[in-house]
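Subject: Structure handover

Hi,

Here is the structure I promised to pass on. Please open it alongside this note; my findings follow below.

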Amino acid sequence: QVQLVESGGGLVQPGGSLRLSCAASGTIFIINDMGWYRQAPGKQRELVSTITRGGSTNYADSVKGRFTISRDNAKNTVYLQMNSLKPEDAAVYYCKAAVHTGPRIYELDYWGQGTQVSVSS
């Protein structure tokens, strides 16, 4: 019903930047909160940043001041600008969207398939 496709991951040197994108498609009535999560090998998935439909944002302490989340509601797309990347930022990054597929259908969370971010010299 709803698909989320991430892009923009890759290999970058410490101190470098990447911009992730996540586009939602399918049967979408409205998308409320969108967000980015990450999972490093051997660790649990953790929240990186979220953004409400109105643009209010939330960040993990570890990325504050370095990462910026934004969204384009017309395109059902969320972005994550990552600057000053550190080796500890390396992980698979997943986007999540809270979606209503109809006016009287309850909200469900949908996840993307993930995009790898590697930070190494």
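Four strands form an open sheet in the order β1-β3-β8-β7, with antiparallel pairing. Strands here are DSSP runs of E with at least two residues, and helices are runs of H or I with at least four, numbered from the N terminus. Two strands count as paired if DSSP finds at least two bridges between them. The edges are β1 (2-7) and β7 (67-72). Each has a single partner strand, so one side of each is left without a neighbour in the sheet. On average, neighbouring strands of this sheet are turned by 15° against each other, direction ignored. The axes behind that angle are lines fitted to C-alpha atoms, for helices over the stretch in contact; angles run from 0 to 180 degrees between N-to-C directions.

Two notes on the source. This is a predicted model, in which local features need pLDDT of at least 70 and side-chain atom pairs count only at pLDDT 80 or more, while totals for chains, interfaces and linings use all residues. Residues are numbered from 1 along each chain as its sequence is written, and side-chain values use heavy atoms, with hydrogens and water left out.

More on that sheet. β7 and β8 (residues 77-82) run antiparallel and are joined by 6 bridges. Phe67 stands opposite Met82 in β8. Ala24 lies in strand β3 (residues 18-26). Ala24 counts as buried, at 8% relative accessibility. Buried means under 20% relative accessible area, exposed means over 50%, and partly exposed is in between (1.4 Å probe, protein chains only). Ala24 and Val78 are 54 residues apart along the chain, yet their C-alpha atoms are separated by 8.6 Å.

Overall shape

The protein has 11 strands and 0 helices. Its radius of gyration is 14 Å, close to the 14 Å that the globule rule gives for 121 residues, so it is as compact as a globular protein of that length. That radius is taken over C-alpha atoms, and the rule is 2.2 Å times the number of residues to the power 0.38. The C-alpha trace spans about 50 × 25 × 25 Å along its principal axes. Of the 121 residues, 43% are buried.

Around β9

Where does β9 sit, enclosed or open? In β9 (91-100), 9 of the 10 residues are buried, so the strand is largely enclosed by the rest of the structure. It pairs with several strands:

- β4 (residues 30-39) pairs with β9 in the antiparallel sense over 8 bridges. Met34 stands opposite Ala97 in β9.
- β10 pairs with β9 over 4 bridges, also antiparallel. Lys96 has Trp111 in β10 as its bridge partner.
- β11 runs antiparallel to β9, joined by 3 bridges. Ala91 stands opposite Val117 in β11.

β11 (residues 115-119) also pairs with β2 (residues 10-12), in the parallel sense over 3 bridges. There, Val12 stands opposite Val119. The covered face of β11 holds Thr115, Val117 and Val119. Gln116 and Ser118 make up the uncovered face. In a regular strand, side chains alternate between the two faces of the sheet.

Salt bridges

How many salt bridges are there? The count is 5. The rule is a side-chain nitrogen of Lys or Arg within 4 Å of a carboxyl oxygen of Asp or Glu. Among them:

- Asp61 and Lys64, with the closest N and O atoms 3.1 Å apart. Asp61 counts as exposed, at 65% relative accessibility.
- Arg66 and Asp89, with the closest N and O atoms 2.7 Å apart. This pair links distant parts of the chain, 23 residues apart: Arg66 in the loop between β6 (57-59) and β7, Asp89 in the loop between β8 and β9. Both Arg66 and Asp89 are buried.
- Asp109 and Lys96, at 3.6 Å, N to O. Asp109 is in strand β10 and Lys96 in strand β9, 13 residues apart. Asp109 counts as partly exposed, at 44% relative accessibility.

Salt bridges that share partners also join Arg38, Glu46, Arg66 and Asp89 into one network.

Surface

Tyr106 lies in the loop between β9 and β10 (108-111). Tyr106 is exposed, with a relative accessible area of 63%.

Best wishes
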